[in-house]
Amino acid sequence: MDTSSGLIQRRNIVKEENDKRHPENEEIDGERRDETDEDGDSKETRLTLMEEVLLLGLKDREGYTSFWNDCISSGLRGCILIELALRGRLELEKAGMRRRSLLNRKVILKSDAPTGDVLLDEALKHIKDTDSPETVQTWIEYLSGETWNPLKLRYQLRNVRERLAKNLVEKGVLTTEKQNFLLFDMTTHPLTDSTAKQRLIKKVQDSVLGKWVNDPHRMDKRLIALIFLAHSSDVLENAFAPLNDEDYELAMKRVRELLELDIEAESLKSNTNELMWAVFSAFIK
């Protein structure tokens, strides 16, 4: 007696019943499929939003970010919130009848399913464990450790740049070295896969030059998030440095057009991720 077809049918029935009970699974599974198919890149070179911003900020040979850059820390926390939102884990609470602004609305847990990324899952756990929901601006401060409330310091994500750099080492993009700076030794992560970084730089350049669509809602959500957060982290300039003067001026002009958008109005349009626009608003307010 052949029982294999019966087993397969039973599994399908169980899966359908599970999907009905947990409709968010369909969105999360769809996100995983998107990640698998994105740009046709191999799994080793597919980067998260945080890794892309850090890679733009790292000096190729030295393997560290500028000592004068005090923006990238909060920028990376914004990347984490957007990454979780795009993966279907977080959302913004409803605006309500009074149409509260993006920055006055709370971040709501949509799903606590693990993402497979240690840093994202740590942030997700913090958001899940809070007694009451907080706004996007507050979460950026908590995750950065920039709060005067000592009870909230436990939400700080520590060593974020180093942990992201280690992820990039595992993906073969960076390597690890020790450098001596007279008074102390520092672990650095010089670039080894220049192709991955050049692909990233070209993607950013093309988005505001050859592939410019003049409509933020026709742009890929991850790409527009990368532009906003790279600018907020003060690393976007690094992607435009190789351009000639004419292309540089045009690229910066189009970036300014994006930054000058009415964020509240844009977030009301169809098929938008409101939490993503709330993060944009937090950085350009």
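**What the labels rest on**

Modeller: Just after α4, Gly88 takes a positive phi of about 80°. This is a predicted model, where local features need pLDDT of at least 70 and side-chain atom pairs count only at pLDDT 80 or more, while totals for chains, interfaces and linings use all residues. Residues are numbered from 1 along each chain as its sequence is written, and side-chain values use heavy atoms, with hydrogens and water left out.

Biologist: What makes a stretch a helix or a strand here?

Modeller: Both are DSSP runs, numbered from the N terminus: helices are H or I with at least four residues, strands are E with at least two. On that basis the chain has 13 helices and four strands.

Biologist: Why is Cys79 called buried?

Modeller: Buried means under 20% relative accessible area, exposed means over 50%, and partly exposed is in between (1.4 Å probe, protein chains only). Cys79 has 0%, so the residue is buried.

Biologist: Which residues does Ser232 contact, beyond its neighbours within four places in sequence?

Modeller: Cys71 and Phe283. Ser232 belongs to helix α9 (residues 221-232). At 14% relative accessibility, under 20%, Ser232 is therefore buried.

Biologist: What makes the link between Glu52 and Lys203 a polar contact?

Modeller: A polar contact is a pair of N or O atoms within 3.5 Å; within protein, one must be able to donate a hydrogen and the other to accept it, and residues adjacent in sequence count only if both atoms are side-chain atoms. The side chains of Glu52 and Lys203 are joined at 2.7 Å, so the distance meets the limit. Glu52 lies in helix α3. At 9% relative accessibility, Glu52 is also buried, because the limit is 20%.

Biologist: What makes a set of residues a nonpolar core?

Modeller: They must be buried Ala, Val, Leu, Ile, Met, Phe, Trp, Tyr and Cys residues, joined through side-chain atoms within 4.5 Å. The largest such core has 74 residues, and Phe240 and Leu81 are among those with the most contacts inside it. Helix α4 (residues 72-86) gives the most to this core, with nine residues.

Biologist: How do you know that α4 is mostly covered?

Modeller: 15 of its 15 residues are buried.

Biologist: What is the span of α4 set against?

Modeller: The expected span is 1.5 Å times one less than the number of residues. With 15 residues, α4 reaches 20 Å from its first C-alpha to its last, close to the expected 21 Å.

Biologist: And how much of the chain is buried?

Modeller: Buried residues make up 46% of the 285 residues.

How values were computed: Contact means heavy atoms within 4.5 Å.
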